[in-house]
Amino acid sequence: MDTTGRFNGLADVYTAGRPAYAAGLIDHLYARYGFREESVIADIGAGTGKLSERLLDRGSTVYCVEPNPDMRDEAIKALGSYDRAHVIDGTAADTGLKDRSVDFITVAQAFHWFDPLLFKKECKRILRGDGLVCLIWNMRDMSSEVNVKNQEIFSRYCPRFKGFGGGIGQDDIRIRQFFAERYTYIEFDHPLVYDRETFICRCLSGSYSLQSGDAGYDRYREALCALYEQYAEDGQLVMANKTVAYLGKVEDQA
C-alpha cells in the first residue's frame, strides 16, 4: 500500500512541531560507529530534513531521500545552505542511488512505513562494504502522565492512530527480522519542550491526526489545548522522551 500521501499538506506543521534528535546520539555515531566528515550517508524517508541537517552539520555528504513532494520541498528550503546536501525523490524500495554508493544508511521516524524486505534489498544494493544501517525514533516515555493523556486524545479522536512511532515498540519483531536478530540498541534522554503553538503543531503533524475540516476536529483541538494548559508551566510543556536507535549490518538470517 502506498503511504507516501499520508503527509500531504503537513510540511509546515511538521517543520514547526517535530523535534530534532538527541545531540548525544549524533555524537555517539561519529565517536563510536565510524561516521565521519568524509562519509556519504543516505537518509531514507528524510521528511523535512530534521536528521539530515544534524549529519550535514558534521560535514558529511547526505542524500536526503523523500517520496512526498511537500516534505521534499520543505527539505530543499531547510537544507539549501549546505553544499553537501542532495535532496532527491525516492522511496525505501527504490532510492534512485547508485550501487555501492553510500557508507551509511539512516532512517529517522520512518522505518515503520517501509516494506522491510524491499528496503533490506535496497540497502544491500546501495551500501558499500560493511556499512551500517541506523534506525532512529523519538519515543515518548509512557510512564509520564502527560504522554498517557496525549495518547488517550489521539485514540479517542483519530481513527488512524495505531500508537506512537507507528505502533513500533522496543525490539519490535520488524526490527529484529530486518537485522536478522543482530543489532545494537542505544538510547539517549531527550525531553521535548513545547510552547502552546509548537505543541499543537507537533500533534497536527502526525499522519494519523485530524485536520481542519475533518469531523470532530474542533473537539480534538480543544482537547489538545486543554491538555497543554493543564500540564504547562511558565509557558512550557515538557514531555519525557528518548531518542532510540538500532544499528546493524544488513545480513541474511543465519
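## Charged pairs

Glutamate 181 is partly exposed, with a relative accessible area of 45%. (Buried means under 20% relative accessible area, exposed over 50%, and partly exposed in between, using a 1.4 Å probe and protein chains only.) Its side chain meets that of arginine 176 in a salt bridge, 3.5 Å from N to O. A salt bridge is a side-chain nitrogen of Lys or Arg within 4 Å of a carboxyl oxygen of Asp or Glu. Arginine 176 is partly exposed too, at 27%.

This is a predicted model, where local features need pLDDT of at least 70 and side-chain atom pairs count only at pLDDT 80 or more, while totals for chains, interfaces and linings use all residues. Residues are numbered from 1 along each chain as its sequence is written, and side-chain values use heavy atoms, without hydrogens and water.

The whole structure holds 14 salt bridges. One joins the side chains of lysine 242 and glutamate 187, at 2.8 Å from N to O. This pair links distant parts of the chain: lysine 242 sits in strand S9 (residues 241-248) and glutamate 187 in strand S6 (residues 184-189), 55 residues apart. Helices (H or I, at least four residues) and strands (E, at least two) are DSSP runs, numbered from the N terminus. Lysine 242 is partly exposed at 28%, and glutamate 187 is partly exposed at 34%.

Arginine 36 and glutamate 38 also pair up, at 3.6 Å from N to O. Here arginine 36 is partly exposed at 43%, whereas glutamate 38 is exposed at 56%. Elsewhere, salt bridges link Asp99, Glu122 and Arg125 in a network.

## A buried arginine

Arginine 18 lies in the loop between helix H1 (11-17) and helix H2 (23-32). Arginine 18 is buried, yet has no salt bridge. The nearest side chain of opposite charge, glutamate 66, is 11 Å away. (Lys and Arg count as positive, Asp and Glu as negative; His and the chain ends are not counted.) What does the side chain of arginine 18 make a polar contact with? The partner is the side chain of serine 205, at 2.7 Å. A polar contact is a pair of N or O atoms within 3.5 Å; within protein, one must be able to donate a hydrogen and the other to accept it, and residues adjacent in sequence count only if both atoms are side-chain atoms.

Helix H5 (residues 116-126) buries Phe119, Lys120, Glu122, Cys123 and Ile126. They cover an arc of only 165° around the axis, so they lie on the same side of H5. The arc is that of the directions from the helix axis to the C-beta atoms. On the other side of H5, Leu117 and Lys121 are exposed.

How values were computed: Lys, Arg positive; Asp, Glu negative; His and termini not counted.
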